[in-house]
Amino acid sequence: MKYKEHRSANADMDARFRFIRSTLPRFQHYSEAEAIVLSSCDHLPKSGWDRLDFDLYHPKWQLNAGNKTYQKNISVVQTSPEESLAFFFLFESNYLRAKHLSINGPDAQKYPRRILRLIGDHHYLSYSCQKFIFPLAAREWLTRCIWKKLDNDNYAMVECCVPPTDPEMPTSFTASTLSNVVRAKILNFFTFKRLPFDQTEVSKISRVWSGASGLVGRGDLTSACLYFERDFEVDALERQHFISTMSSAPPLSEEEIKLLMRSLEHADRHFSAGKVERHSPPDAEDSKENWVRIHDEIRTIKKFVKHKIHEEASSSWGKAVTIVHASCEEVMAWLWMFSQNNRMKDHQKKHGNLVRTEYDPTEGVNNQNKLSPKPNYKKLGLGGEKEKEKEKEKEKEKEKNNRMQHLVVRRSMPPPYKTRESSMRSVWSGFKTELEEFHTSEGGGRQSHVSKFSSASRNENLLSPSTKSKNTSDNNMYVYAFEPAPVNFEYVDVQEKKVRSGIGTLNSLGLNKISSLKSSRRMGSERSSKSVRSQLSGKLLAVPGTSSAQNSPKQKQSKRSFNKTSSNVRSHASSILGGGKRNIVRLMSKGVWVIQKLAPNVCEVTFIHNLHDSGGALVPAQIANKVMTSSLDEANSLKQYYDRNGLLVDSELRTSFRLAVPQVVSNTSQDQYDFIARVGLKLNPSSPGWEPILSHSTPYLQVSRKFIPGSSIAKCKAVTTIDAPAETTLAWLWDYCSNERLSAVADLHKNPRE
């Protein structure tokens, strides 16, 4: 069975390849009748769409225009627009045929699916019959399908119903043998728009008829997304793109530097005299603020919680420390890609289809952004080059400033507590160690192990910011900081309440610049190395100048800190939603990720997070602690995403340690030499009086002991030969918590090794 499926998949791939290589490049001549069919799509509605669902990946809209009803689907297919077009146009592909058979069975007389006539490479007539859920009768479609190339990055395809009396219908046409089949009407308009990283934004607009003939069951975008899914590859390409632009990032602004410095305080570091230093140990009177260890299912992740004595009960702190098997730059890119496929799917599993996206605070928030409810198409055959150039210039301008981004995320809560929403701004920067002259062309991991293994550098850990560095390999530390966005927004959320029919649409509120998010990312499009999928999650309208989410309508009306236009817009929005009531509570979120290089492809990550619940007085401590613990699971996702073979990671760490040994020796202090001398004098392995222990000795290992006169304490000594350099052997002994040693411990919770 698997062999047949493999052969079918290869046959479909060959068919799409022939379509792309042979059919698409040819000049397609369109007859007058075909031009009329294509031009009929120019009259499809461009505005006034209402959201039907809030799926993060495959959202749907609906529009009632007089006696006509339209539905719109948008998805991102992770392949080229040419291959996406071939997938939908090749009606008799093995995949679509197998899907048809799985629904309708093998009886081709009752449930046929075939092309009736080919009219050129771009046009055919087809017929199909499909079962429907009982008690609905089966439906049949007699359709015409035409595609057209708009430009090098855009294609369109039209699928419409054909009457049996059409002059182009073959005389040999035979319908289904079923007696109670219903002829269904259909009108589908597809657009295929090229996105970065070999992806396609596919939009489908369908006319829906009332009655038995109006059921729509064709052209499912979800199947195409699953068929071409390559989330891991797209995420990797997006991170590589971000890493390639890190060296050209602009210098930090004064505001961004202040945000970083405030956030470093959470990690017990501060900026002083041009360096980042660790704070001194806490005084005894601050002992109540010490971190309390909590258990985690991943034993190599250390998690802690604490509550500061001068803060409200609704504020809680959490910390997670772990080793990630990836480079600092790779981890930094993973954190920056807030809406990458991996993280969005984790969010969807935990919180359903709640919002998680980036937004532009100067333009507002609209979770569709680039994938707006307006059909993203132009009249067939027209250019639109000026609009495309403006869009490209706008995206380039956004890509220049890749230091800061604004984020919004919602978290589900157990009933009866309301959904929590956090709007944040985040910034990143790289730092390099003070002794940077010992960096090598192999990747700069040598100095990182001075910090890891030298007790002097471990105590001080002095770093200097490298905001102007053009070589990211010089950076041994990265910091990703975030705090609540200073400009709050009132979200007119159709995800909580549906806009009343007949009152108006989002565009009627007067906000014409509904956000074009930092173009980006979740399914993968990069436009400024961000994902498009994050823009599919929901419909949010942002009005600047409002206060926190829990303010009552009266309090909001009394605020005059915003201009008259914003005030009118907000009051209009509140009237649409019935007084501006919302089921959202603001959750203030701030924290910092500190990424310290240990080896070229290994780093230590520290995550500090603080949550302040504006509705915290009503939330039990047990639930608040659960929310904090859940937020620390981000460190679990990061570690699991990059986990590699532990023995290979240990080998990389030993190599970096061995390269750093000469530097560490040359910087050994006199106190350290004195400590070594005292220990050596106390043990004195070369002194006489050692007695061999034959029961524990082997031909390769000699074990002996020496009793101290007047004491019950005995010294033990083991002598053997190691087939490795002295520096490598020292590195193995130094790495007390290596993956090899930790894996030998049965239960780290009962038998900790740190």
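Visitor: How far from the ring centre of Phe132 does Arg139 lie?
Guide: This is a predicted model: local features need pLDDT of at least 70, side-chain atom pairs count only at pLDDT 80 or more, and totals for chains, interfaces and linings use all residues. Residues are numbered from 1 along each chain as its sequence is written, and side-chain values use heavy atoms, without hydrogens and water. A charge sits over a ring if NZ of Lys or CZ of Arg is within 6 Å of the ring centre and within 35 degrees of the ring normal. Arg139 lies over the face of Phe132, and its distance from the ring centre is 5.5 Å.

Visitor: Which residue lies over the face of Tyr736?
Guide: The distance from the ring centre is 4.0 Å. The residue over the face of Tyr736 is Arg753.

Visitor: How do the rings of Phe87 and Tyr95 pair?
Guide: The structure holds 26 aromatic pairs (Phe, Tyr or six-membered Trp rings with centres within 6.5 Å; planes under 30 degrees apart are stacked, over 60 edge-to-face, the rest tilted). Here the centres are 5.6 Å apart and the planes stand at 45°, so the pair is tilted.

Visitor: How do the rings of Tyr641 and Tyr642 pair?
Guide: Both residues are buried. The centres of Tyr641 and Tyr642 lie 5.0 Å apart with planes at 80°, so the pair is edge-to-face.

Definitions and conventions. Buried < 20%, exposed > 50% of the residue type's maximum accessible area, 1.4 Å probe, protein only.
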